[in-house]
Amino acid sequence: MGTMQQRKRTSMATDYDAPRKTEEESPAESLEALQASRGNTAQTAVIDVEENDTAEGIDLPGADLSGEELTVIVVPEQSDEFTCGSCFLVRHRSQIALEKNGLKYCKDCEG
């Protein structure tokens, strides 16, 4: 069986945080000079909007959702679960940290 030769990478790592070298920038150029050099070749953004486009699929904050129904299946607390007496989250019994006055407390609240 032949031996495999390993290739060595000779490229250097790139430092992406280093300042980039650009052509000489002249900070003395004013906005007016830049606009004059461009002349009338400035382009305007064109937005293609159809007349039938509506915002029906967008829910805005504060929108009236009183006509909407939400169907949720509520599963009762299982035999291996408990409700924390402090944060009121349903947790697995392995998360019990303290039992006091008939209430159980989770490790997060009593940690």
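Let me begin with the hairpin of E3 and E4, where two residues lie between the strands and Asn101 adopts a positive phi near 55°. Please keep in mind that this is a predicted model: local features need pLDDT of at least 70, side-chain atom pairs count only at pLDDT 80 or more, and totals for chains, interfaces and linings use all residues. Residues are numbered from 1 along each chain as its sequence is written, and side-chain values use heavy atoms, with hydrogens and water left out.

I turn to the chain as a whole. Its secondary structure amounts to two helices and four strands, in the order α-β-β-β-β-α from the N terminus. Helices (H or I, at least four residues) and strands (E, at least two) are DSSP runs, numbered from the N terminus. Of the 111 residues, 5% count as buried; buried means under 20% relative accessible area, exposed over 50%, and partly exposed in between, with a 1.4 Å probe and protein chains only. The chain exposes about 11900 Å², of which carbon and sulfur atoms supply 50%. Such areas come from the Shrake-Rupley method with a 1.4 Å probe; for residues, only the protein chains shown count as cover.

Strand E3 (residues 96–100) pairs with strand E4 (residues 103–106) in the antiparallel sense, over four bridges. Two strands pair if DSSP finds at least two bridges between them. Ile96 has Cys106 in E4 as its bridge partner. Asn101 itself sits in the loop between E3 and E4; it is not a glycine, despite its positive phi. With a relative accessible area of 74%, Asn101 is exposed.

Where else does a residue other than glycine show a positive phi? Phe88 does, with phi near 65°. Phe88 belongs to the loop between strand E1 (81–83) and E2, and it is exposed, at a relative accessible area of 61%.

Finally, I come to Arg91, in strand E2 (residues 90–92). Is Arg91 buried or exposed? Arg91 counts as buried because its relative accessible area is 18%. Setting aside residues up to four places away in sequence, Arg91 touches Asp80, Glu81, Phe82, Cys106 and Asp108, contact meaning heavy atoms within 4.5 Å. With Asp108, the Arg91 side chain makes a side-chain polar contact at 3.1 Å. A polar contact is a pair of N or O atoms within 3.5 Å; within protein, one must be able to donate a hydrogen and the other to accept it, and residues adjacent in sequence count only if both atoms are side-chain atoms.
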